[in-house]
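Please open the model in your viewer and keep the selection panel at hand.

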Amino acid sequence: SDYIIPAKEYSWWENQFSLSTAGSRDLYGGVNYTIGKFYTGDKNSVSLRLNWKVSVPLFVGGSVSRNKINLQEGSFTTDIFQFNANFLFSPNITLYNYLQYDSQSNTAGLQTRFRWIIKPGDEIILVWNSGYSKSDKRFIMSENAVRLKLKYNIRF
């Protein structure tokens, strides 16, 4: 909210250097370093991620990213923390949980998604999204929404 970027057409480039391990392992991760143009200035980012296939039904993962933004209007740094925990009850029934926090806006978001594949092409998906704002020393829910999605294929 401290910076106003003029409304016009922007184009920018990025170079990314990555090092990662194979995702087929039980414990895997990686690191990325990105530099490039960003709106009226430039951006440098460092990201670290670590994922763990705990056992057949449970997967946990997380990442942290630090973004240093230098604009003509000013400079700032933001850290983004992400965490997910997924439960794979069967190939057809899953529960995905995703939590993210942004240090610049002091907000967090949570998405929980239950997916049941009745048969290929026919699914029931229940999604809960919620947003949290930091007030004093605690987070307060600022928004939430529940959505039910039904997918049905008609074959002929």
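Begin by selecting Glu-123 and Lys-151, which form a salt bridge whose closest N and O atoms are 3.8 Å apart; a salt bridge here is a side-chain nitrogen of Lys or Arg within 4 Å of a carboxyl oxygen of Asp or Glu. This pair links distant parts of the chain, 28 residues apart, with Glu-123 in strand β8 (residues 122–135) and Lys-151 in strand β9 (residues 138–151). Strands (E, at least two residues) and helices (H or I, at least four) are DSSP runs, numbered from the N terminus.

Before going further, note that this is a predicted model, in which local features need pLDDT of at least 70 and side-chain atom pairs count only at pLDDT 80 or more, while totals for chains, interfaces and linings use all residues. Residues are numbered from 1 along each chain as its sequence is written, and side-chain values use heavy atoms, with hydrogens and water left out.

Is Glu-123 buried or exposed? Glu-123 is buried, at a relative accessible area of 8%, whereas Arg-115 is partly exposed at 31% and Lys-151 is partly exposed at 44%; buried means under 20% relative accessible area, exposed over 50%, and partly exposed in between (1.4 Å probe, protein chains only).

Next, select Lys-119 and Asp-122, whose side chains meet in a salt bridge at 3.9 Å, N to O. Lys-119 is partly exposed, with a relative accessible area of 43%, while Asp-122 counts as buried at 5%. A search of the whole structure finds 5 salt bridges.

For the last stop, select Phe-114, Trp-116, Ile-118, Leu-126, Trp-128, Met-141, Val-146, Leu-148 and Leu-150, which form a nonpolar patch on the surface with about 860 Å² of accessible area together. Patches are made of residues with over 30% relative accessible area and no salt bridge, like charges being joined within 9 Å and nonpolar side chains (Val, Leu, Ile, Met, Phe, Trp, Tyr) within 5 Å; accessible areas come from the Shrake-Rupley method with a 1.4 Å probe, and for residues only the protein chains shown count as cover. Colouring by strand shows that β7 (107–119), β8 and β9 each supply at least two residues of this patch, with β9 giving the most, 4 residues.
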